[in-house]
Amino acid sequence: MLEIRDLVCGYGGVTALRGISLDVKPGQLVALIGANGAGKSTTLRAISGLVPPRSGSLFFDGKDMTGARPPRVLACGIAHCPEGRRVFPHMTVEENLVMGGYLRADTSEIAADRDRIYAEFPRLAERRRQAAGTLSGGEQQMLAIGRALMSRPRLIMFDEPSLGLAPNIVERTFAIIRRIRDAGTTVLLVEQNAFAALEMCDHAYLLEGGRIVLSGRGPELIENTHVRKAYLGG
Ligand SMILES: Nc1ncnc2c1ncn2[C@@H]1O[C@H](COP(=O)(O)OP(=O)(O)OP(=O)(O)O)[C@@H](O)[C@H]1O
Ligand SMILES: [Mg+2]
C-alpha cells in the first residue's frame, strides 16, 4: 500500500532521513520505533508532504506520491495525527471534527461520521460546543484521532499518541488504535513506548540516526538483544 524507497530529507543543513525504505501493507499496523531525534516524526511528515524529499521515492497504492503536497496526500486517503495532537484550540470540538473532513463533498455522510465519532467518544459529544483548547490531554488526543478519522483515511499515521497521558488513558488510546486497525484501516504508528508498539504491531521498523537499522515482526524485535538493551530497558 505504502512503499518508500531510499528516501532522503531534512531541514536546511540537517539531514534527518538518510535513505530509508519501508513498506506498509494493507490492513497492517506497522510500528516505527527509535530514540529521540531518530527521524520518526520526519518520516511521517515526509509521507504527509510537509517535508519535501531530497531524493528517493514514495508510492501509495501504486501511485507516485513523491513530493506530493499535503492536500493531495490527504485526498489520496492518508491522515496524520501529529505529535502534540495539534487540535485547533480556539475552535470548538465540533469545528475541529468538521475540519478533518474538509476535503469531502459528501456532506450528509460527514454528519453521519461525526455522529459515529461522538458515539465512540461520548466525552467529545458532551463537549461539542467547548473550545478544544479547554479539553484535557486525553480528550484532545481523542479529538485528534476523531479529526483524522473524519477524512475516512485508508492509512492513518499516529505520532506519539501516548505522550503525556495518564496510564489508563494510554491503554484506552492503544485499544482505540487496535480497533481502527481491526476495522480495516491501515495504521502507521510512531511510539516512544517501544514495548507497547511492538506488542500490538504486525510489523516494525527501528530507526537510528535517520536510517532503518532493523525490521521484523513485533515478537522478533522484542527478542532482539540490541532492541532489549537500548529500547526495552534490558
Ligand atoms: N524543524 C526542524 N528544523 C531543523 N531540524 C529539525 C526540525 N525538525 C526536526 N529536526 C531534526 O531532524 C532530526 C529528526 O527529528 P525528528 O523530529 O524526526 O525525530 P523523532 O524521531 O521524531 O524524535 P522525538 O522522539 O524526539 O520526537 C533531529 O536531529 C532533529 O533535530
Ligand atoms: Mg517525533
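This briefing covers the sheet, the helices packed on it, and the pockets and cavity of the structure above.

The model is predicted, so local features need pLDDT of at least 70 and side-chain atom pairs count only at pLDDT 80 or more, whereas totals for chains, interfaces and linings use all residues. Residues are numbered from 1 along each chain as its sequence is written, chains are lettered from A and ligands numbered from 1 in the order in which they are written, and side-chain values use heavy atoms, with hydrogens and water left out. Helices (H or I, at least four residues) and strands (E, at least two) are DSSP runs numbered from the N terminus.

**Sheet**

- Six strands form an open sheet with mixed pairing, in the order β6-β7-β8-β3-β9-β10, where two strands pair if DSSP finds at least two bridges between them.
- The edges are held by β6 (78-81) and β10 (211-216), and because each has a single partner strand, one side of each is left without a neighbour in the sheet.
- From one strand to the next the twist averages 20°, with axes taken as lines fitted to C-alpha atoms (for helices over the stretch in contact) and angles running from 0 to 180 degrees between N-to-C directions.
- Strand β3 (residues 29-34) pairs with strand β8 (residues 186-190) in the parallel sense over four bridges, and V30 stands opposite L188 in β8.

**Helices**

- Helix α1 (residues 40-48) lies across β3, β6, β7 (155-159), β8 and β9 (203-208), and runs at about 150° to β7; contact here means heavy atoms within 4.5 Å.
- Helix α6 lies across β6 and β7, running at about 170° to β6.
- The axes of helix α3 (residues 93-100) and helix α6 (residues 137-149) come within 6 Å and cross at roughly 35°.
- In their contact, V93, N96, L97 and G100 of α3 meet L143, G146 and R147 of α6, which by class gives three nonpolar, three polar and one charged residues.
- For these classes, Ala, Val, Leu, Ile, Met, Phe, Trp, Tyr, Cys and Pro count as nonpolar, Asp, Glu, Lys and Arg as charged, and the others, Gly among them, as polar.

**Pockets and cavity**

- On a 1 Å grid over the protein atoms alone, a cavity is a set of points where a 1.4 Å probe fits but cannot get out, a pocket is an open set with protein on both sides within 12 Å along at least five of seven lines, and lining residues have an atom within 4 Å of a point.
- Grid points are joined across faces, edges and corners, and a volume is the space filled by probe spheres set on the points.
- The largest pocket has a volume of about 630 Å³ and is lined by 23 residues, of which S48, L50, H80, P82 and R147 lie nearest its centre.
- Two or more residues of that lining come from each of α1, α2 (70-75), β6, α3 and α6, while the largest share, four residues, comes from α2.
- By class, the lining of the largest pocket has 13 nonpolar, five polar and five charged residues.
- The second largest pocket holds about 370 Å³ of space, and of the 14 residues that line it, R116, I117, E120, L149 and I180 are the closest to its centre.
- The largest share of the lining of the second largest pocket, four residues, comes from α4.
- The count of cavities of 30 Å³ or more comes to one, with a volume of about 80 Å³ for the largest cavity.
- The largest cavity is lined by 13 residues, among them A46, P53, L58, M65 and G67 nearest its centre, and its lining divides into ten nonpolar, three polar and no charged residues.
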